[in-house]
Amino acid sequence: MTQLISGETFRDHSEFGRATALRPVPGEAGVFAVELAGEWSSLIGIHGGYMAAITVRGAEAVAAGRTTRTTSTSFLRPGQPGPARLEVREFRRSRSISTVIADLIQGPSVLMSSRVTLTTDRTGVEWSSPDPIPVPPPEECVSLDPPPGNHHLARLDAVLDPTTVPFTDGDLAHIRGWFRPFDSRRVDAAWLTMAVDWFPPPAFIRIAPPTGGISIDLVSHLHQSSVELGPDEWLAGEFGIDTSTGGLAVEHGRITRTDGTLVAESFHTRWTAEG
């Protein structure tokens, strides 16, 4: 798979690259065949962030030469391991920005619909205020022990802040930790779109799954569309829910480099109603 990142070609031969590979359907512009990998199964069906990453692959294939900055996804139905179809169209294209609509379909059902904003490689008015996530050093964190069926949690190298471990009946629904891919030092927009949904739902600190873990909508913004990691470098992640009302909770997440430079952030609506 070839993607254009910051003006240069990046071939993703990692496990994640293979799991998100697209095959153009002959004679159907903007239509791709995909295989939803069972290794990316989650608590209910295929992991939502992984499926959102597939829509990013399609958007960047259709809007060639542009990279993803913002993705807004509505999750409609759970996906299952096996063949699926991605239908992508460039809804609007200006000199610097493209808006792309991508639907992931399995059988007769639309699983999810994403609106993706992509940009050319440009420099604007820029500033940054690094804000390190208060997570202990990796050697002081604890290994992630995925519950049965959450295969996606085994796809990354990760450790958690021992004060923010799920299923501890804590008062604060926040999860922090360090993570990185096993087999690549460089991550792209699709990987980061997956990553904002990869950590265990912070609601699981207060309530039992699947309540609190079911995704309704996910908005992710990438401040950096690709990141090169050093040999011993991690990314830090922090995801928290401070309010749950009327059966819905909004989770705010952020991913930073070790110095606190913001890489990506997200707003994720989750179902917290009983039954």
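Start with the β7–β8 hairpin: two residues sit between the strands. Gly 107, in that turn, has a positive phi of about 65 degrees. A word on terms. Strands are DSSP E runs of at least two residues, helices are H or I runs of at least four, and both are numbered from the N terminus. Two strands pair if DSSP finds at least two bridges between them.

This is a predicted model, with residues numbered from 1 along each chain as its sequence is written. Local features need pLDDT of at least 70, side-chain atom pairs count only at pLDDT 80 or more, totals for chains, interfaces and linings use all residues, and side-chain values use heavy atoms, with hydrogens and water left out.

Back to β7, residues 97-106. Its pairing with β8, residues 109-119, is antiparallel, over 10 bridges. Gln 106 has Ser 109 in β8 as its bridge partner.

Now the other neighbour in the pairing. β6, residues 82-93, also pairs with β7 in the antiparallel sense, over eight bridges. That is a hairpin too, with three residues between the strands. Here Glu 87 is bridged to Asp 103 of β7.

How many of the 10 residues of β7 are buried? Eight. Buried means under 20% relative accessible area; exposed is over 50%, partly exposed in between, with a 1.4 Å probe and protein chains only.

Last stop, Thr 20. It lies in the loop between α1 (15-19) and β3 (23-24). Thr 20 counts as buried because its relative accessibility is 0%. A polar atom of its side chain lies 2.8 Å from the backbone oxygen of Phe 16.

Methods: A polar contact is a pair of N or O atoms within 3.5 Å; within protein, one must be able to donate a hydrogen and the other to accept it, and residues adjacent in sequence count only if both atoms are side-chain atoms.
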